[in-house]
Amino acid sequence: MRALPVTALALAGLASAACGASGGTPAGAASSGAGQAAAHQAAGQAAAPATSSAPLTGKVVVIDPGHNGGNYRDPKAINRKVNVLTKWKACDTTGTETTNGYTEAAFTWDVSNRFAKLLKERGATVKLTRSSNDGVGPCITERAAIGNKAKADAAVSVHADGSAPGNKGFHIIMPEKIGGPVDPVVGASRRLGVDLRDSIAKETGLPYSTYIGRKGLDFRDDLGGLNLSTVPKVLVEAGNMKNPGEAAKFQNPAFRQRLAEALADGVQNYLKS
């Protein structure tokens, strides 16, 4: 993702910083058999396993909607440097936007809430790293800490890129070993990334990125949200917001729902494998 410099937001100028450092509004009972089930349990029978309608019962997923809609209001806070182990980076950025002003923060917030709803319907416990799209931050270091504290079975950071208009496609960013806390989960993060890559490609029709990575996969050692994670985590760049075709899709609620479904299916495939 390419981030908008906070001090130049009103001028619509874009810096070319990565998303992992990195407005609009988000689109985003008891049955009659309950007594019988209670009687069975009273008789010492084991509780039934999770049904196919709740395949993720007992799993914890942290979703990290990239950036925040109010970041532009507090450049001092989000430009503050934080240690991501391989370098010092800005606490956060504003993110990118389409040429008509649909922001990455609004896109990620909407998709993440759709994604969270689907996972909850499948039985998962879900935590988001921010609670609205009108605040500031949190820093990339704090986003990683939220997943760690939750002891997430999987964590997914949702973003979109800002590149040259002719570039298109999505890619998944996965961590590399850095001699740090992420090292033990690099392998699991790769498996999560591949499952998400496959589900997005199959269910959304988006192509693999034509300008970053290989076959929709990329590896980075400079993203704080990944470097500091002790749980399997990847960053999804859903496509290029500067590409007219992809920008139109991102502004379509039906497409955002389809993307959320692909993300939920990818996480489920990973957790059930």
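Helices (H or I, at least four residues) and strands (E, at least two) are DSSP runs, numbered from the N terminus. The structure is a predicted model, in which local features need pLDDT of at least 70, side-chain atom pairs count only at pLDDT 80 or more, and totals for chains, interfaces and linings use all residues. Residues are numbered from 1 along each chain as its sequence is written, and side-chain values use heavy atoms, with hydrogens and water left out.

**Exercise 1.** Determine where K215 and K151 lie, what their phi values are, and whether they are buried or exposed.

*Solution.* 
Step 1. K215 belongs to the loop between α5 (186-204) and β7 (217-220), while K151 belongs to the loop between α4 and β5 (154-161).
Step 2. Phi is near 55 degrees in K215 and about 50 degrees in K151. Both values are positive although neither residue is a glycine.
Step 3. For comparison, most residues other than glycine have a negative phi.
Step 4. Buried means under 20% relative accessible area, exposed over 50%, and partly exposed in between (1.4 Å probe, protein chains only). K215 has a relative accessible area of 51%, so K215 is exposed. K151 has 67% relative accessibility and therefore counts as exposed.

**Exercise 2.** Describe the place of R143, its burial and its contacts.

*Solution.* 
Step 1. R143 is situated in helix α4 (residues 140-150).
Step 2. Its relative accessibility is 3%, so R143 counts as buried.
Step 3. Contact means heavy atoms within 4.5 Å. Leaving aside neighbours within four places in sequence, the contacts of R143 include D64, D92, R130, P138 and K233.
Step 4. The side chain of R143 also reaches the backbone oxygen of H67, at 2.9 Å.
Step 5. P138, one of these contacts, is found in the loop between β4 (125-128) and α4. A cis peptide bond, with omega about 5 degrees, joins G137 to P138.

How values were computed
A polar contact is a pair of N or O atoms within 3.5 Å; within protein, one must be able to donate a hydrogen and the other to accept it, and residues adjacent in sequence count only if both atoms are side-chain atoms.
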